[in-house]
Amino acid sequence: MAEVNILVCVKRAADVTGEVVLTADGTALDGRYSGYAMSGHETAAVEIAVSLVEQHGGSVTVLTLGDEDAVEQLRDALAVGADDAVHIEADSSAYGPADVAAAIAEVVRARADAGTAYDLVLVGNDAADTGNFQVGIRLAYLLDRPVVAGVQSAEVADGTATLHVGSAEGTETYEVALPAVATVLEGGVDPRYPNIRGRMRAKKAPVETVTAGVEPKGGRTLGLSLPPPAPTQVTVLGEGPGAAPAVVDVLRKIGVLS
Amino acid sequence: MAELPDRASVVVIGAGIVGNSLVHHLAELGWTDIVQLDKGPLPNPGGSTGHASNFIFPVDHNREIAEITLDSMRQYKEMGVFTESGGIEVARTEERMEELRRRMSSSRARGVESRMVTPQEVAEMVPFLEPSVIVGGFYTPSVGVVDSLRAGTIMRERAMARNALTVVANVEVTDLLVEDGHVRGVETTGGTIHADTVVIACGVWSPRLAQMAGAHIPLTPAVHQMISVGPCTALAEKPGEISFPIIRDMDTFCYERQHGSDMEVGSYGHRAILHDVDEIPSNEQAKLSPTEMPFTSDDFDPQLEQALELMPELLGDEKAEMRYAINGLLSLTPDGFPIVGETPEVKGLWSAAAIWIKEGPGMGRAIAEWMTHGQPEIDLHQSDVSRFHPHQRTRAHVRSRAGEGFIKTYGIVHPGEQWSGSRPVRLAPMHASQKELGAVFFEASGWERPQWYESNAPLVEKFGDAVMPREHEWDSRWWSPIINAEHLQMREAGGIVDLTAFVVFDVLGPQALEAVDRVIVANADVPVGKVLYTPVLDERGVFRSDLTVMRLAHDHFRVVTGSSHGMQDLKWWTDRMPEGAVCVDVTSAVSTVGLWGPQAAAVLGSLTAADVSPGAFAFGTCRQIEIGNLPVLASRISYVGEHGWELHVPMEMGAALWDRLLEAGRPLGVVPVGIGVYTTTGRMEKGYRAYGTELDADRTPAEAGMARARLKDADFIGKEALVAQGADAPRAVLCTLTVDDHTSTSGTKRYMLGGEPILTRDGGELVDGHGNHAYVTSAASAPSLGRHVLMAYLPPDQASVGNELAVSYMEELYPVTVGSVDATPLFDPENTRLKGRY
Amino acid sequence: MSNAVLVLIEPDEGRVHLVSREALTFARQLGGEVHALMLGTVDEAVLADCREQGVAVVHEAQAAGGELDAYSAAAWATALEQALEGAGAATVLAGGTERGTEVLAHVAARRDLPMAANVLAVTSTEPLEVERQVAGGAVLERMRLDATPAVLTMAGHAVEAVAAASPGAAEHRTFEARVTPADLRARVQRVQARGGGDSSAALSAARVVVGAGRGAGSADGFADVDALAQRLGGAVGVSRAVTSLGWRPHHEQVGQTGSRIAPDVYIACGISGAIQHWAGVSSSKTIIAINTDADAPMMTKADYAVVGDMHEVLPAILEELDRA
């Protein structure tokens, strides 16, 4: 099988693992306590891309649209095996999902003109902060490529990508001709963490900075707010050995007793 | 969850290593009804303890920290949570090797077993370390790691087993209740607790808690970056937590500490990243814990590269992943010391903050003793919360100094090293003149004090080799031969010294005499116009201070003390004022200039109509005189062994006084001299002791050679203990020694700077009756003797004049001889000069 | 164009899927005529549900060539666009399932329309403004949706599916979907049903993890833990304290510096729940904590808690399992 060139699109967003904090003006998530990161979906996308290129050769380019701080997320991807990076320097808050897709499509075309045709473009299933679920699909239409959403693992062979999507029934498999677009959902692969040598490489890896040629039409956000906290509820099953029947009831209820 | 009681004998806020140690020791000392609170869950409520690297290196240049650390290690071992791993500080440069040799000195000075090791020896102990990167190492076998969370649980449980403690987690303190300057309770999210004693053991949050009561705990949260790399193949085969010595890569400010199959790399080499208390997230907001902030990898990358150089195979293992990386928050203080003790602002409110894992249990014990007995067994004057002058409590000062101090965590810090930030703050009225004279300013408690004057450089030529020049850069750093030239000029003609930095306070009121008499050892019931130099002791008969007291009126005494310890003196005195006497701080109202030397009387005589001849103005007296239109309080005492005066004037007249003295002194060869003469050469030749080096709460007057033939009739603090001590021979004796030969093996003459171990001529250890190893408390040139002199407490059987011993400096032995075994000065032993007889 | 609302509905075990019925209920609140679209056979049960939900017209898309037999989002989008024309709808709506979101995103992309995913409520109709969930439900966003047709998907269980005051006609209309070859470039080829429990499951993939911490007491204190893991076909995971003490191998460590797990159930025995441990287990669907200390973080964060010594509770559970 020929080599495969993959573009992975990631987004710097406030990590929302802990309690979410909004900026003072209420228009964005604030990551000062939790930090900023690419989403779990995008981390999985990077892992899928890097694994495929390890198997087949080729290259992984990682792309982001954001301010200069977003380079940190590019370095994170470079540290785990991406080969180079594209930084579309822009205020991501001014970009709606259609604008982001257009900006990415521009880079894909420019790179193709420059000799790197991306066989596969991976994006996260949905952004960690804005949750629009659209960039990958809009991008596919702009590039006139097939798109599969919710991909959890992938293989490529003979110009075809075999993409696996988890569903309630089991695993659905798509076979699509390359070039294609996929939106990745976390959970299907175990993303690697960076090692120190990777981190060193990432520092020196090339990052191309470009400006977006599209005039963003913007999103339609009017403001953010926090929902009232859900009360945490612990059910005490009992004390000592006497609680055993209640534990077994729970195990049965959640279906782990066959 | 335990119920929140509405009353407690003491509320300890915080359940990190400090709060846990404290409740344990309070319970051991008999306290009951202790309530311990934390806003987080147990056993890891989310403070700095939870992410500590938990290793302990027992060697520290500072004695106070070293003793606390050794006590902590004993306690951790007793709890069964200490694992000895050994530790190696490695050097990549020759300059660092010198620092490691200095650490050997500190090691020997505390009796800790350590040795210098070659790169090969390091590689044998730590096979994954690349020996070609380093020049050598300093190995301490007793280094180890502790489980600080487990220790905390054990200590809480011990206090609970005594039925002395109620622990309430997940409760946040919202306010501290203060009435008439005394803490009365704590308001929390779980209700109010009434208590007359409250301890803030809240680590990085402590400033906020103190502020609730109007007090200050001047520390700042600062980032210490740490990553965990693993699993490393080389470590995975080894069972348990740690099987290789911990490495401190001193030149890159990094450490590498094995943790199971992971290697933790921590750094003090990145830029100082300071936070404000209000920027720390809550437990809910935090992704990990409040003090494990998001990692900023850009700051750490250079450190990674250096760590990789040192351990290329282990850390370069492609399978070893960076899974955990944090910007961990810890507490930094402006001077690097912990902040403990009762706050000077609020009675009953105690601080137990800025304490590291290595100090936790030792500090817990010491603070509990302090709260119980009025003082801790181990002297803690450098960590005392009351040490801060007002400007040192400001946010700007704390951040400036903490930022500057961060890099010193692993830095090579010269004992004379000056801070560069947060200056200038306090300027003496004659500052402009001093600047014109080319003063080289050192900082003392915010004051800019001339250490020497470049205008005196010609004197170096005048005195030639008598200025005892120093060949080695380290020995001469933060030093100048001009100091010694000024010294010689002072002995020849006279010197004028700016002493504006003194802390000065008045004791006033109908009960002033009784108040002073109770605090000081000397008899305060003296005629108005007497000046007393006196120790101040605590109940155990050990030093709290030494200072001078002038009786200015029947109901008015003026206390003059040094700037570095002055704020603690002020609190000590204020706390002990009876009804009818008050302490009033007049530091900022009084400027003091010293005038001493053979021509001092001539200079002063030329400026005043008063009779200032030795016969008319007796030693140990003070009086108001007129220097032209300046009203001056002249006090005839001396810390340099010459005839002369401290001249006190209102602050705004300080510059005028200074100018007149300089002018009158000039034709007589009397020159301005720096504080280098005053605090080192002048006093050391005269055998005068200094608080903080020779004198502290570990020393008795008898040991310091300052015992009195008879004690005054009046009762005073420490009297009972002094009487009891009188029956016993002292367990150590403060001696002055001279260095007989300075020549090192390389031929360079070396000059000790203080802190070095004193050994027998053949390098044997000297241990006194306290179990302490002999070390140099102060070192200085004695230009009038042409000798380098050292002070050290020696075992009594070694304290005989003429005894030949050795001092270890940079791992070489130099011969020394005991010159004095009591306060007898080596220079002018009859004190004829002091008496004005030249 | 009318103010009709077209709702993409999906089947579930012979009925209209609960989230689709929720979407129908929501659609009624928008005020227009409610149309439903089903890709595949509309039977009487589906019509009954639609009538109950007040649906006026139920559109059924058929493809004679079998183009709709296997799921293809693009093909569904083509059918949806046809139904949209047929209904003259001003709003197109789906339940927030993976398919509903995907198909509507295709429609939005094709027509260059904005789309709002995970909508909870309409906060204004002129102009249309909605409140929706972002950041995994942790944040609410107010969003303007000022294009026609408005494209939106519902957040799961944002409204309760309730019957309409008066049943709808649920007129059944069938149409032939004009699926193009391009629509079929990405199409489900095969479905592999979920496998049964694998007893030797790796820690990170295990459906059941029995965790043990310092409460195990010693290296010999894991017999019951091992037995329970084996009995439930799960894996054993331990806290950092346990590996640090050398009681268990490092590859069993769970937490920030060990494996991160997301089992159906995590049974944490004698683990206090240090934050670093929690970071590795918090994705578990159900957590049962067993600890002597009722205040331990693991006990206060778990779904179920048993206050007691793991060495007493675990044998009792094993016994109970044998009896059951």
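In this predicted model, strand β31 (residues 622-627) of chain B and strand β32 (residues 630-635) of chain B are paired in the antiparallel sense over 6 bridges. Within that pairing, I625(B) stands opposite V632(B) of β32(B). The two strands, β31(B) and β32(B), form a hairpin with 2 residues between them, and G628(B) in the turn has a positive phi of about 60°. On β32(B) there is a further pairing, again in the antiparallel sense, with strand β33 (residues 644-650) of chain B over 3 bridges, where A634(B) has L647(B) in β33(B) as its bridge partner.

A pairing between chains can be set beside these two. Strand β15 (residues 235-239) of chain A and strand β17 (residues 304-307) of chain C pair in the parallel sense over 4 bridges, and G238(A) stands opposite V306(C) in β17(C).

| Strand pair | Sense | Bridges |
|---|---|---|
| β31(B) and β32(B) | antiparallel | 6 bridges |
| β32(B) and β33(B) | antiparallel | 3 bridges |
| β15(A) and β17(C) | parallel | 4 bridges |

Helix α8 (residues 297-310) of chain B has 14 residues, and the distance from its first C-alpha to its last is 19 Å, close to the 20 Å expected at 1.5 Å a residue. A bend of about 25° is found in α8(B) at Q303(B), and Q303(B) is also buried, as are S297(B), F300(B), L304(B), A307(B) and L310(B) in α8(B).

The loop between β28 (556-561) and α17 (563-575) of chain B holds G562(B). Why does G562(B) count as buried? G562(B) is assigned to that class because 20 C-beta neighbours lie inside 10 Å. When residues up to four places away in sequence are not counted, G562(B) touches V503(B) and Y691(B). Along the chain G562(B) and S545(B) are 17 residues apart, and their C-alpha atoms are separated by 9.5 Å.

The contacts between chains can be described by their residues. Between chain C and chain A, 62 residues of chain C are in contact with 56 residues of chain A. Helix α4 (residues 98-111) of chain C gives the most to the side of chain C that touches chain A, with 8 residues, and the residues of that side divide into 32 nonpolar, 11 polar and 19 charged.

The contact between chain B and chain C takes 22 residues from chain B and 15 residues from chain C. On the side of chain B that touches chain C, β14 (220-230) and β19 (321-332) of chain B each supply at least two residues, and the residues of this side comprise 10 nonpolar, 9 polar and 3 charged.

Chain C is itself divided into domain 1 (4-184) and domain 2 (203-323), and the centres of these two domains of chain C, taken over C-alpha atoms, are separated by 44 Å.

For chain A, the description is of the chain as a whole: it has 6 helices and 15 strands, and its C-alpha atoms fill a box of roughly 70 × 50 × 40 Å, taken along the principal axes. Of the 258 residues in chain A, 53% are buried, and among the contacts in chain A between residues at least 6 apart in sequence, 70% join residues at least 24 apart.

Note on methods
Residues numbered from 1 in each chain as written. Chains lettered and ligands numbered in written order. Predicted model: local features only at pLDDT ≥ 70, side-chain atom pairs only at ≥ 80, totals over all residues. Expected span 1.5 Å × (residues − 1). Bend = angle between axes of the 7 residues up to and from the residue. Buried ≥ 20, exposed ≤ 12 C-beta atoms within 10 Å, placed from the backbone. Contact = placed C-beta atoms within 7 Å. Nonpolar A, V, L, I, M, F, W, Y, C, P; charged D, E, K, R; others polar. Pairing = 2+ DSSP bridges. Domains from an automatic or database assignment.
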